[in-house]
Amino acid sequence: MQKRSIVPIVYILFLMLPIYWLVAMSFKTTNEILSGFSLFPQTFTTENYRVIFTDPSWYWGYINSILYVSINTVISVAVALPAAYAFSRYRFLGDKQLFFWLLTNRMAPAAVFALPFFQLYSAVGLFDTHLAVALAHCLFNIPLAVWILEGFMGSVPKELDETAYVDGYSFPRFFASIFIPSIKAGVGVAAFFCFMFSWVELLLAKTLTAVAAKPIAATMTKTASSAGYELGLLAAAGTLTIIPGAIVIYFVRNYIAKGFAMGRV
Amino acid sequence: MKTENQKAWFFVLPVLLLVAFNALIPMMTVVNYSVQETFGDNVFFWQGLDWFQQILRSDRFHAALGRQFMFTFLILIIEVPLGIAIALSMPRQGFWVPVCLVLMALPMLIPWNVVGAMWNIFTLPDIGLLGYFLNHTLGLNYDMTQDPVAAWVTIVTMDVWHWTSLVVLLSYAGLVSIPDAYYQAAKIDGASNWSVFRYIQLPKMKTVLTIAILLRFMDSFNIYTEPFVLTGGGPGNSTTLLSIDLVKIALGQFDLGPAAAMSLIYFAITLLVSWLFYTLMTKDDQN
């Protein structure tokens with residue numbers, strides 16, 4: 001047992017090294033970074049973080065990202081719930097084809113769609129809004145949410161539905177007050193994965209925004225190129241992008257491994 | 001048993017509308033571009049299938065496609081066995097399980113361009129942790145902006161760092177679903193570690209592994225941001241993967257027709273390979 005735990009420990013160390021380097025760099029001045037190699041910050045500074053928290057063009061990037069990611073998560077899970085219920089409980093014309101078609105949308109390279117997306121969302125007047133990014137991310141998040149939720153719903157026995165109808169529950173009341181609570185874990189996992197994939201995606205988010213809804217990750221690339229190469233600032237901004245994900249994952253830590261395991265193939 | 005109910009379509013309708021809005025309209029735009037030529041000012045000329053023929057015969061496309069398959073092959077052959085091995089050696093229960101899972105999932109939650117930027121500063125020859133270690137402690141001559149081999153090693157290592165955890169999490173989920181009774185039975189029969197793995201653990205992990213391999217295939221085949229930020233496709237064109245090349249043509253040179261034709265061919269290849277994987281791996285379940 002002792003010998004076996006070497007493998008995960010070495011693996012986690014390997015995962016942490018680049019993250020450590022990013023965090024260490026964020027507490028260094030750009031001068032120190034460029035002047036040579038140092039394992040720990042020599043002149044420890046929080047100046048980089050101060051800049052980010054006081055400059056609106058920086059901190060609005062975070063607010064924008066969190067806004068569209070949240071909108072996307074809510075929309076994706078809300079529309080995926082009834083759909084997943086339909087796939088898990090009923091047979092209907094074209095159900096298998098539809099399910100596979102949904103999954104194929106995860107296969108389309110975002111690079112392929114960047115320009116058409118820009119034209120589409122400009123045409124409907126949503127360009128540079130949070131809603132545009134949130135809706136665009138639905139392309140790959142809704143199929144994923146349906147997939148995960150369908151797996152969790154499949155493990156809820158059908159007798160639950162039938163008993164509820166016999167007891168005189170209407171469908172909406174049954175769905176909202178009995179069924180959804182019984183797959184809470186699934187909703188949590190689906191929301192987590194939607195949050196994650198919307199948070200990390202940049203190509204579409206960047207294509208669909210200019211100023212008002214610009215995501216933090218895009219702010220980083222812009223600032224880096226205009227101010228020379230502010231490595232310390234870049235590292236601090238990068239470090240801050242890890243935090244929302246870390247918070248969300250903490251809440252679903254006991255369910256995350258189950259997330260896909262229950263999905264069907 | 002599922003009951004037949006055509007009204008279920010109403011439940012699916014919102015999903016269908018939202019995904020179709022995002023998938024079909026842009027797809028039609030791409031199809032539209034792929035058969036036309038434009039010189040700007042929204043003037044288009046019918047071009048037929050010329051772009052498709054041109055792309056399919058172009059050496060540049062073949063080279064990018066070759067690099068793309070090479071990349072996907074490398075990361076699958078490293079990440080899948082490595083992920084399974086790590087999942088097998090993880091504790092099944094106790095305090096450390098959630099800690100391990102949270103730490104392992106962390107790389108997946110970092111925005112993709114930050115991943116690229118992070119690995120960029122991590123591997124800088126004189127001031128990056130890894131770059132400094134390789135060059136000054138081990139005395140290697142490592143510089144990924146000069147050496148294509150170093151660039152390849154770096155992007156593959158980055159992807160292994162980024163995504164192996166997905167395989168670990170999924171395999172682990174499959175593993176913990178195996179009841180203890182199976183292991184006890186195997187112990188009584190005196191089964192070796194290998195046969196426990198081959199006849200108990202692997203079959204139980206099959207569903208989740210299928211998902212893991214499919215997801216890893218799709219995402220690595222479409223990868224753009226991380227290698228673009230890390231190497232920019234260089235040195236030369238040595239790490240210009242398919243989608244990097246595509247963006248170069250579409251946005252860099254603004255050749256919409258060829259870029260659109262290339263997109264469709266690209267999508268078709270992804271679809272075909274995913275379908276092959278899907279059919280091959282779920283074949284046994286049908287019987």
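A:Thr73 is buried, because 25 other C-beta atoms lie within 10 Å; a residue counts as buried if 20 or more other C-beta atoms lie within 10 Å of its own, as exposed if 12 or fewer do, and as partly exposed in between, with C-beta atoms placed from the backbone. This is a predicted model, in which local features need pLDDT of at least 70 and side-chain atom pairs count only at pLDDT 80 or more, while totals for chains, interfaces and linings use all residues. Residues are numbered from 1 along each chain as its sequence is written, and chains are lettered from A in the order in which they are written.

**Surroundings of A:Thr73**
- A:Thr73 belongs to helix α4 (residues 56-89) of chain A; helices (H or I, at least four residues) and strands (E, at least two) are DSSP runs, numbered from the N terminus.
- Leaving aside residues up to four places away in sequence, A:Thr73 touches A:Ala191, A:Cys194, A:Phe195 and A:Ser198, where contact requires C-beta atoms, placed from the backbone, to lie within 7 Å.
- A:Ala86 is 13 residues from A:Thr73 along the chain, and their C-alpha atoms are separated by 20 Å.

**Packing of α3 and α13 in chain A**
- Helix α3 (residues 47-54) of chain A packs against helix α13 (residues 231-251) of chain A at about 65°, with the axes 9 Å apart.
- α3(A) is therefore roughly perpendicular to α13(A), a description that covers angles of 65 to 115 degrees.
- On the α3(A) side, A:Asn48, A:Tyr49, A:Val51 and A:Ile52 meet A:Gly232, A:Leu233, A:Ala236, A:Ala237 and A:Leu240 of α13(A).
- This contact of α3(A) with α13(A) comprises 7 nonpolar, 2 polar and no charged residues; Ala, Val, Leu, Ile, Met, Phe, Trp, Tyr, Cys and Pro count as nonpolar, Asp, Glu, Lys and Arg as charged, and the others, Gly among them, as polar.

**Interface between chains A and B**
- In chain A, 79 residues are in contact with 76 residues of chain B.
- Helix α1 (residues 6-26) of chain A supplies the largest share of the side of chain A that touches chain B, namely 12 residues.
- That side of chain A consists of 62 nonpolar, 11 polar and 6 charged residues.
- Strand β1 (residues 90-91) of chain A and strand β1 (residues 3-4) of chain B run parallel and are joined by 2 bridges; strands pair if DSSP finds at least two bridges between them.
- A:Tyr90 stands opposite B:Thr3 in β1(B).

**Chain B**
- Chain B contains 12 helices and 3 strands.
- Of its 287 residues, 42% count as buried.

Conventions: Contact = placed C-beta atoms within 7 Å. Axes fitted to C-alpha atoms, helices over the stretch in contact; angles between N-to-C directions. Parallel < 35°, antiparallel > 145°, perpendicular 65-115°, else oblique.
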